[in-house]
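Take a first look at the chain shown here. Then read on for a short tour of its parts.

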Amino acid sequence: MNQKLGKLLSDILAADSVSGTSLIMTVFGDILARRGGSISLSSLIELLSVFNVSDRFVRTSVFRLVKDGWLTAERSGRYSFYHVTEEAMDRFTAAEERIYSAHDAEWNRQWQMIALPSLSGSELMEARKQLESAGYAILSTSVMLYPRADKDATRQLLSKHALNDKALVFEASSCDLSEGNEANLKSLVAKLWQLEEVEGRFHTLLSQFRPVLSLLENGEQLEPAQAFQVRTLLIHIYRRALLKYPPLPEELLPGNWPGKAARTLTHNIYNLVAYPAEQHVDAVARAADGPLPKADKQFCERFGGITLN
């Protein structure tokens, strides 16, 4: 075990309260979704043991994820197995596109507004919650805003949450009517998507993981279990910052936005630890029908291309 790296990772864990369900979702999204989407409970417990979590911690967390529709449980003799649901796989795939994409999507300079005039109370709150999870921000009580105008994606989103007959959809573009318009727009975007908090998360990631990259680039040896720990913790912290806001165009982001530096750092570390981390998963994880399948083609295309050798 690399003692220097171990100390850095211990400090990161100590500074960040890690939720059991969130950590397990990272493992499923980063590793298992591209390796069959299934794992035995005992394997999952062993994988997470590098984070010093208890069996009870893992059992309680997977129970919650089953209850929330992310996983299904299966019993085979004395063993329990957990599988990613179809709906959860769709959500993992959508998040994966954002997390591991090599390039930012171009902005069509259009905005989309969804009005929910017929909803109120708990029904309105639930609809807003679903739209917020898809990246929309609350512009007013019953109006949601998104910096893209993709009709097909919006149609699917509204259909998925049974909002087709309850929503009014508008497309709009911002007008440059005054000298301060751009500054006002950036200020609104920063407020709606709470970018100050996101910016702080990115700066924290940079300060925590730059020393990790330095150790790895200096040829420090690490065991597969430690590589798995680095990779999981890195993606866990990165995705919690990145998925707090939609893929906003650069024109709408604050100056000196740290998101690009965070992505570059994450990419560089990920490339260095991906293969030994996969070796650890190979050695530990089992599905109902034996060892996990190897990572698929989509996994190898992350961050523009990863070589597993």
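This report covers the model's basis, a sheet, some helix pairs and a few single residues.

## Basis of the model

This is a predicted model, in which local features need pLDDT of at least 70, side-chain atom pairs count only at pLDDT 80 or more, and totals for chains, interfaces and linings use all residues. Residues are numbered from 1 along each chain as its sequence is written, and side-chain values use heavy atoms, with hydrogens and water left out.

Helices (H or I, at least four residues) and strands (E, at least two) are DSSP runs, numbered from the N terminus.

Three strands form an open sheet in the order 1-3-2, and their pairing is antiparallel. Two strands pair if DSSP finds at least two bridges between them. Strand 1 (38-40) and strand 2 (71-76) each have a single partner strand and stand at the edges, so one side of each has no neighbour in the sheet. On average, neighbouring strands of this sheet are turned by 25° against each other, direction ignored. Axes here are lines fitted to C-alpha atoms, for helices over the stretch in contact, and angles run from 0 to 180 degrees between N-to-C directions.

Strand 2 and strand 3 (residues 79-84) run antiparallel, joined by six bridges. Arginine 75 stands opposite serine 80 in strand 3. Helix 3 (residues 41-48) lies across strand 1 and strand 3, at about 85° to strand 1.

## Helix pairs

Two packed helices are described by the angle between their axes and the distance between the axes. Helix 2 and helix 10 pack at about 105°, and their axes are 9 Å apart. Helix 2 is therefore roughly perpendicular to helix 10. (Angles under 35 degrees count as roughly parallel, over 145 as roughly antiparallel, 65 to 115 as roughly perpendicular and the rest as oblique.) Contact means heavy atoms within 4.5 Å. Helix 2 makes this contact through residues including Leu23, Met25 and Val27, and helix 10 through residues including Phe228, Ile235 and His236.

Helix 10 (residues 224-242) also packs with helix 11 (residues 259-284), at an angle of about 140° and with axes 7 Å apart. That makes helix 10 oblique to helix 11. Their crossing is left-handed. (A crossing is left-handed if the near helix is turned anticlockwise from the far one by less than a right angle, and right-handed if clockwise.)

## Glutamate 96

Glutamate 96 sits in helix 5 (residues 86-100). Is glutamate 96 buried or exposed? It is buried, with a relative accessible area of 12%. (Buried means under 20% relative accessible area, exposed over 50%, partly exposed in between, with a 1.4 Å probe and protein chains only.)

A polar contact of 2.6 Å links the side chains of glutamate 96 and arginine 34. (A polar contact is a pair of N or O atoms within 3.5 Å; within protein, one must be able to donate a hydrogen and the other to accept it, and residues adjacent in sequence count only if both atoms are side-chain atoms.) Neighbours within four places in sequence aside, glutamate 96 is in contact with Arg34, Ser101 and Arg302.

Serine 17 lies in the loop between helix 1 (3-15) and helix 2 (20-30). Serine 17 is exposed, at 68% relative accessibility. Serine 17 and leucine 48 are 31 residues apart in sequence and 15 Å apart in space, C-alpha to C-alpha.

Alanine 162 is not a glycine, yet its phi is positive, at about 55°. Alanine 162 lies in the loop between helix 7 (151-160) and strand 7 (168-172). Phenylalanine 303 has a positive phi near 55°. Phenylalanine 303 lies in the segment after helix 12 (297-300), and at 5% relative accessibility it is buried.
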